[in-house]
Amino acid sequence: MKINSWKIVFYLLFFAQVLVANGQRIRYSINENWHFIRADVPYPTQSLFENSGRLVSFPHTWNVEDVMDDTPGYYRNIAWYSRNINIPSEYKEKQLTLFFEGANQEVELFVNGKSVGVHVGGYTRFSFNITDYVHVGSQNQLVIKVNNRFNEDIPPLSADFTFFGGIYRDVYMIVTSGQHISTTHYASSGVYLRTPEVSQEKARLEIKTMLTNAASVTKNIRIEHTVIGPDKNVVITTSKNIKLAKNSENIPSEQTLKILNPGLWSPEYPVLYGVYTRVYDVGNKVLLDEVYQPLGFRWFEFTTEKGFVLNGKPYKLIGTNRHQCFDKMGNALPDEIHIRDVKLLKDMGANFLRVSHYPQDPTVMELCDKLGIITSVEIPIVNAITESQEFTRNSIEMAREMVFQDYNRPSVLVWAYMNEVLLKLPFKNDTVLHERYLKSVEVLAKKIENQIRLDDPDRYTMIPFHGSIDLYYNSGLSQIPMIVGWNLYQGWYGGTFDKLDVFLDVAHEKMKGKPFIIT
């Protein structure tokens, strides 16, 4: 039977309007039909977009061709995207959030000519509440300014990968009622699942939900959590009533559950549960919002005596690093390429992925959960830092975005930062500036470490080093993270393979009690 495309669109719009009428969240892609110009110009006119631009869809990068040509360098500057979007009259009492999975690396959003906000950093997700900027029941213009220029206050400063410019992951509109699970808490799900105690007999599940009430009056809501087992049957449900103050945002609500005889997540058996978090209006019992998050039960440790142990069983971690670029696509990859890569990793017998040197597409992380790939994820401080307050602020913000956005992933066991950060020391010939720089790196590392451990007290932390034992030990960096990563290439970049064990023996002796991963 042939179905006309306009009928499909009609049915989708009808379905979305029914959800809105019932107060439920809707989320839809706005990837298509953006006017694009690559030019360092002031705020562009609509005629400039239409006459000088071209139509593109996300994911998109403007560096696919100039990165690969014979001319040195590639465009690192400003580009603009624009499209009109209809905001139906049904959204009058709704909250609207524009959600970006990733854009490199400075982004400013304009709605109807007004600046909504700015996001800094090319690899984490971000969102903007645009409710106060749109005209309900009519067309609205979205304009996005993106800049991938070098900026000494934004990591990475340098790296062995390309800094492709563009909105290279998906973009969504999220529509919620006035009372909802927050969409703007570090662009996360707004629901955080912690499993501080896990055994074969029982597990403790702590759920923290960030709630928002955009109304100008206090609202009485009921928050409900339902745990779904691997067989899709309900394991347990809990709920409680909450009074949300008017005009409140990111208000935490916490509940604790006990799960008996949990199935355990592992590379061989990646057992996945799920949690539905729902918000109801207490008065009329209408469902206002709903979010689903993955849940996995496991316990683990990294030690110098036992190595890595998961659920009481020792494992040898074998895997790769992975970058997010591809031939003739740059970093603007469709989901099927992300899926292909993780499946290749699983098929070759690996159980570990170092997600380097930056957080990657949510599809990558979802596949690691489903296929049983243990991961470490890191922020892109690579080779060096800038000794500025803004660099520090941006680094800590990136670390918090990373942690909160993948907090519920059972596959993530390690948070990392500062890859080979002493590789390119800037003041080798000035003793005073050299020592000051090393101290600045140590201070920044401690700040990031403390923030990550505060936000996530259960996972391990790691800094990957290049092969200079004394440099990292004497600078104090090796004492800061819970795990040291060594990027070693004996027999490849130089030296011979039989020197690998010699290096590790010296490192173990120097850094007693510190677990290592060859990263």
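**Loops and a pocket**

User: Where does glutamine 105 sit?
Analyst: Glutamine 105 is in the loop between strand E5 (95-100) and strand E6 (106-111). Helices (H or I, at least four residues) and strands (E, at least two) are DSSP runs, numbered from the N terminus.

User: How was this set up?
Analyst: This is a predicted model, where local features need pLDDT of at least 70, side-chain atom pairs count only at pLDDT 80 or more, and totals for chains, interfaces and linings use all residues. Residues are numbered from 1 along each chain as its sequence is written, and side-chain values use heavy atoms, leaving out hydrogens and water.

User: What about the bond from serine 356 to histidine 357?
Analyst: The bond from serine 356 to histidine 357 is cis, with omega near -10°. Histidine 357 belongs to the loop between strand E23 (352-355) and helix H4 (362-371).

User: New topic. What is phi of asparagine 261?
Analyst: Asparagine 261 has a phi near 50°, which is positive, and the residue is not a glycine. Most residues other than glycine have a negative phi.

User: Where is asparagine 261, and is it buried or exposed?
Analyst: Asparagine 261 lies in the loop between strand E16 (248-260) and strand E17 (273-281). Asparagine 261 is exposed, at 58% relative accessible area (buried is under 20%, exposed over 50%, partly exposed in between, with a 1.4 Å probe and protein chains only).

User: And what is phi of lysine 328?
Analyst: Lysine 328, also not a glycine, has a positive phi of about 65°. Lysine 328 falls in the loop between strand E22 (319-322) and helix H3 (335-347), and lysine 328 is exposed, at 69% relative accessibility.

User: How much space is in the largest pocket?
Analyst: The largest pocket holds about 1100 Å³ of space, a volume filled by probe spheres set on grid points joined across faces, edges and corners. A pocket is an open set of points on a 1 Å grid over the protein atoms alone, where a 1.4 Å probe fits, with protein on both sides within 12 Å along at least five of seven lines; lining residues have an atom within 4 Å of a point.

User: Which residues are closest to its centre?
Analyst: Of the 42 residues lining the largest pocket, Arg27, Ser189, Tyr292, Gln293 and Arg409 are the closest to its centre.

User: Which element gives the largest share of the lining?
Analyst: E18 gives the largest share of the lining of the largest pocket, seven residues. Elements giving two or more residues include strand E10 (171-176), strand E18 (287-295) and helix H5 (389-405).
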